[in-house]
Every structure is written in C-alpha cells, then in structure tokens.
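Visitor: I would like a guided walk through this protein, please. Could you take me through it one question at a time?

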Amino acid sequence: MIMLTKTSGEKFLVNHLQIECIELIPETKIVMMNRDFYLVMESVQEIVNRVADYNAKVQDIHRTVTINEDPKPAPGRGTAQRPGFRR
C-alpha cells in the first residue's frame, strides 16, 4: 500500500497491485482495475518511486526471513523422510 494525496488534500492508501494505469490529463489520474479512478497531487515519477520503495521494503523483509532460517534439523531430530517428501 502506498500513501497518496487527493486533489482535495485528503490523504489515502492505495493498493499498488490494483493500479491498472496512470494517466496525465494535466492532473495525475490513477485508474484502478475495477475502473474506479483517483485524481492525485503526486507526479507519475513520485508514484513509481513509492511503489518501488514499497516493493524494496517487502523484498528486504523476505530476504531477512530467508537468511535467518536455519535449514539444519534441530539436534535430536531424525532426518527420516516423510511419505511423499523428497529432497
């Protein structure tokens, strides 16, 4: 979700995955997948940067979780395979 500002000055959150396109009409018009739209004060470049920043944060969280996972079995646990499970 990214924070944007309507032309009325009201701030709101948008699910960036639901944005279908962004039009420049001189305002910035965000068209959603359900065909609703919002006129916002931010430029296209600002919106793209916010989406990129949000995605980078999500990837960093995923990367941290992946790096901190310990693939070795805990001591005292066998390595017997479960039925239908292959390594």
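Guide: Gladly, and one definition comes first: rings of Phe, Tyr and Trp (its six-membered ring) pair if their centres lie within 6.5 Å, with planes under 30 degrees apart counted as stacked, over 60 as edge-to-face and the rest as tilted. This is a predicted model, where local features need pLDDT of at least 70 and side-chain atom pairs count only at pLDDT 80 or more, while totals for chains, interfaces and linings use all residues. Residues are numbered from 1 along each chain as its sequence is written, and side-chain values use heavy atoms, leaving out hydrogens and water.

Visitor: How many aromatic pairs does a search of the whole structure find?

Guide: The search of the whole structure gives one aromatic pair. Its rings are 4.9 Å apart centre to centre, with 40° between the planes, which makes the pair tilted; the partners are Phe12 and Tyr38.

Visitor: How many residues apart in sequence are the parts that this pair ties together?

Guide: Strands here are DSSP runs (E, at least two residues), and helices likewise (H or I, at least four), numbered from the N terminus. Phe12 lies in strand E2 (residues 11-14) and Tyr38 in strand E5, so the parts tied together are separated in sequence by 26 residues.

Visitor: Is Phe12 buried or exposed?

Guide: Buried means under 20% relative accessible area, exposed over 50%, and partly exposed in between (1.4 Å probe, protein chains only). Tyr38, at 28%, is partly exposed. With a relative accessible area of 11%, Phe12 is buried.

Visitor: Which residue has its charged end over the ring of Phe37?

Guide: A charge sits over a ring if NZ of Lys or CZ of Arg is within 6 Å of the ring centre and within 35 degrees of the ring normal. For the ring of Phe37, the distance to its centre is 4.4 Å, and the residue is Lys29.

Visitor: Why is strand E4 largely enclosed by the rest of the structure?

Guide: In a regular strand the side chains alternate between the two faces of the sheet. In E4, Thr28, Ile30 and Met32 on one side are buried, as are Lys29 and Val31 on the other. The strand (residues 28-32) is therefore largely enclosed, its buried residues being five of the five.

Visitor: In E5, which residue is the bridge partner of Ile30?

Guide: Two strands pair if DSSP finds at least two bridges between them. E4 and E5 (residues 37-40) are antiparallel, with four bridges, and they form a hairpin with four residues between them. Within that pairing, the E5 partner of Ile30 is Tyr38.
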